[in-house]
Amino acid sequence: MKKRIAVLTGAGVSAESGLGTYRDNGGLWDNYDPMVVASAEGWARDPGLVLDFYNMQRAKLRDVRPNEAHRLIASLEKDYTVDVITQNVDNLHERAGSTHVVHLHGEATKIRPENTCNDADGYSEKYVVDVGYEAVRLGDKAPNGAQYRPHIVFFGEAVPKIERAADLVGQADIVLIVGTSLQVYPAAGLYRYARMEAPVYLIDPADVKLYDSRVHHIRKVATEGMKEFVGMLK
Ligand code: APR
């Protein structure tokens with residue numbers, strides 16, 4: 001029976017692939033107001049702006065590749081049962097070969113009718129469509145007649161996968177956090193579900209404020225920190 005590793009990732013794991021983070025200098029939220037382009041209110045106020053923002057995010061994915069950190073995370077599956085629980089909406093974990101990826105905040109390559117996947121239908125993903133890297137416009141309607149929207153958890157919306165993610169962290173023998181500022185809840189609180197006997201590692205070059213003495217902080221970028229982490233497992 002393989003030991004289980006829960007890998008909690010944020011934008012930092014994709015930084016070395018050339019995708020921007022959100023809160024570092026020059027990050028996405030320095031250039032765009034998340035309340036305008038990534039919130040439920042923003043969608044209600046000006047859906048065209050939100051569609052354009054995610055069209056840009058989606059198009060960027062066409063030109064970037066997984067980096068060594070994504071690949072090393074995927075390679076853990078040789079010796080461990082690995083659950084990747086990511087806040088990222090990019091598809092780089094899957095493209096690097098990870099086979100169990102939970103996207104807490106949705107996926108940039110996917111869209112859905114705007115009147116589905118909500119409290120009323122139990123967050124059903126039955127009508128979710130993968131559009132790859134193509135643009136989606138106002139007026140692009142689903143078969144049920146509703147406007148298509150990004151399959152993204154906007155600010156102000158529920159995070160339906162958080163319970164599943166917490167269960168997976170609670171089952172892990174090792175918890176690894178890579179490249180997140182741990183500022184957005186509920187994702188930021190997930191590592192606290194780790195069992196007392198499970199070691200928790202953090203890979204991040206910055207001095208992320210973790211008031212938890214048991215976390216072993218590898219202060220390196222993801223590609224270097226993953227090499228160190230893999231070395232520690234041997
Ligand atoms: N390697 C590892 N970590 C890095 C690297 C790198 N090369 N470069 C930056 N980082 C770290 C930063 O130090 C920071 O701690 O990645 C983290 C990025 O933090 P954020 O930009 O806040 O991204 P994230 O934590 O993923 O944001 C969480 O906020 O806006 C929402 O939905 C959005 O999923 C996102 C969530």
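Reply: Two strands are taken as paired when DSSP finds at least two bridges between them, and strands themselves are DSSP runs of at least two residues, numbered from the N terminus. With that in hand, and keeping in mind that this is a predicted model, one can begin with Val178, which stands opposite Ile203 in E8. That position belongs to a pairing of E7 and E8 in the parallel sense, which extends over four bridges. E8 is also joined by four bridges to strand E9 (residues 215–218), and these two strands likewise run parallel. In E9, the bridge partner of Ile203 is Ile218, so that Ile203 has a bridge partner in E9 as well as Val178 opposite, as the pairing criterion leads one to look for on each side.

Both faces of E8 are covered, with Val200 and Leu202 on one side and Tyr201 and Ile203 on the other, and all four are buried. In soluble globular proteins, nonpolar side chains tend to be buried together.

The strand can then be set against the packing around it. The largest nonpolar core has 26 residues, of which Leu8, Ile85, Leu104, Val169, Val175, Leu190 and Tyr191 touch the most other members. Strand E1 (4–9), helix H8 (162–171), strand E7 (174–178) and strand E8 (200–203) each supply at least two residues of this core, while H8 gives the largest share, five residues. Val169 touches Ala6, Leu8, Ile85, Val175, Leu190, Tyr191, Tyr193 and Ala194, if residues up to four places away in sequence are not counted. A second, separate core of 22 residues includes Leu51, Phe53, Val136 and Phe154.

The ligand is the remaining part of the picture. There are 23 residues around the ligand, and Tyr22, Trp29, Thr180, Ser181 and Asp204 come nearest. An oxygen atom of the ligand is 2.6 Å from an N or O atom in the side chain of Asp204, and a ligand oxygen is 2.7 Å from an N or O atom in the side chain of Arg23; for the side chain of Trp29, the distance from an N or O atom to an oxygen of the ligand is 2.7 Å. Taken alone, the ligand exposes 740 Å², and the protein buries 92% of that.

How values were computed. Residues are numbered from 1 along each chain as its sequence is written. This is a predicted model: local features need pLDDT of at least 70, side-chain atom pairs count only at pLDDT 80 or more; totals for chains, interfaces and linings use all residues. Side-chain values use heavy atoms; hydrogens and water are left out. A nonpolar core is a set of buried Ala, Val, Leu, Ile, Met, Phe, Trp, Tyr and Cys residues joined through side-chain atoms within 4.5 Å. Buried means under 20% relative accessible area, exposed over 50%, partly exposed in between (1.4 Å probe, protein chains only). Contact means heavy atoms within 4.5 Å. A residue is near a molecule or strand if one of its heavy atoms lies within 4 Å of it. A polar contact is a pair of N or O atoms within 3.5 Å; within protein, one must be able to donate a hydrogen and the other to accept it, and residues adjacent in sequence count only if both atoms are side-chain atoms. Accessible areas come from the Shrake-Rupley method with a 1.4 Å probe; for residues, only the protein chains shown count as cover.
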